[in-house]
Amino acid sequence: MAYIPDYATLLAFTAAALVLTVTPGPDMTLFMSKTLTQGRRAGLAAVFGATCGLILHTVLAAIGVSALLSASALAFTVLKIVGAAYLIYLAVQAVRNGCSLALEAASVKRQPIHRVWLQALGINILNPKIVLFFVTFLPQFVSAADPNATGKLMFLGFYFVVLGMPICAAMVLGASAFARFLKSSPKFMRAFDWAFAGIMGTFALKLLVAKANS
């Protein structure tokens, strides 16, 4: 199928997506916190809301990047190089500052499930880091000369969602044990930091070397 990347690209993307999914961040903090304070239904609603936000980001990134590709292959190449620089920045930040998982035990007012979904959707859509990440990360896996670039961008974005949603749901179902494990295992968390940094740095450097040798 034309819209499915080659095996090596898909394997690399899968590895990156899995590490990104299990790396603590704002989305994980939200749905874990909702689970611990309001129960599993609220946690799953938060996961679903964040997932809907990722779907929207996928569509907008694919459309926007595809429009840039149609306008100028050079501009698309510049975007990928800027994206590589951003990935290196993320790698450095992960090593220097580590990942964040802020779970507060304080009591909070219970929200209706639809409000939890809307909150997760809003946080995801309005997070500039997620917007920047999707616009710079997805293009690393397509070529400016690929006539099926738009379809591949869409495929990779939805593939990211399909990979991540069941993992996040599993985290919600075992939220208490998972949260205790993360908080009591600094070495494990640090391993995630280095894994995240290694994957982001590898993709970025591979892209920059390819451009330098072209």
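This is a predicted model: local features need pLDDT of at least 70, side-chain atom pairs count only at pLDDT 80 or more; totals for chains, interfaces and linings use all residues.
Biologist: How many helices and strands does the protein have?
Modeller: Helices (H or I, at least four residues) and strands (E, at least two) are DSSP runs, numbered from the N terminus. Along the sequence the pattern reads α-α-α-α-α-α-α-α-α. The tally is 9 helices and 0 strands.

Biologist: What percentage of the 214 residues count as buried?
Modeller: Buried means under 20% relative accessible area, exposed over 50%, and partly exposed in between, with a 1.4 Å probe and protein chains only. By that rule, the buried share of the protein is 46%.

Biologist: Which residues touch the most other members of the largest nonpolar core?
Modeller: A nonpolar core is a set of buried Ala, Val, Leu, Ile, Met, Phe, Trp, Tyr and Cys residues joined through side-chain atoms within 4.5 Å. In soluble globular proteins, nonpolar side chains tend to be buried together. The largest core here has 35 residues, and the ones touching the most other members are F133, F137 and M200.

Biologist: Which helix gives the most to this core?
Modeller: At least two core residues come from each of α1 (7–22), α3 (40–71), α4 (73–97), α6 (128–137), α7 (149–173) and α9 (186–213). The top contributor, with 8 residues, is α4. Apart from this core lies another of 15 residues, L30, A46, V116 and A175 among them. So, to name the helix you asked about, the answer by definition of the DSSP runs is α4.

Biologist: Which residues is F133 in contact with, leaving aside neighbours within four places in sequence?
Modeller: Contact means heavy atoms within 4.5 Å. With those neighbours set aside, the partners of F133 are L20, Y86, L87, L90, L138 and M200.

Biologist: How are α1 and α7 oriented to each other?
Modeller: Axes are lines fitted to C-alpha atoms, for helices over the stretch in contact, and angles run from 0 to 180 degrees between N-to-C directions. This pair packs at about 40°, with axes 9 Å apart. Angles under 35 degrees count as roughly parallel, over 145 as roughly antiparallel, 65 to 115 as roughly perpendicular and the rest as oblique. The pair α1 and α7 is therefore oblique.

Biologist: Is A61 buried or exposed?
Modeller: A61 lies in helix α3 and touches S66, F134, V135 and L138, not counting residues up to four places away in sequence. Its C-alpha is 9.3 Å from that of L132, 71 residues apart along the chain. With a relative accessible area of 6%, A61 is buried.

Biologist: What is the relative accessible area of T136?
Modeller: T136 lies in helix α6 and, beyond four places in sequence, is in contact with G83 and Y86. T136 is buried, at 2%.

Biologist: Where is R41, and is this residue buried or exposed?
Modeller: R41 sits in helix α3. R41 and I113 are 72 residues apart in sequence and 7.4 Å apart in space, C-alpha to C-alpha. At a relative accessible area of 64%, R41 is exposed.

Methods: Residues are numbered from 1 along each chain as its sequence is written. Side-chain values use heavy atoms; hydrogens and water are left out.
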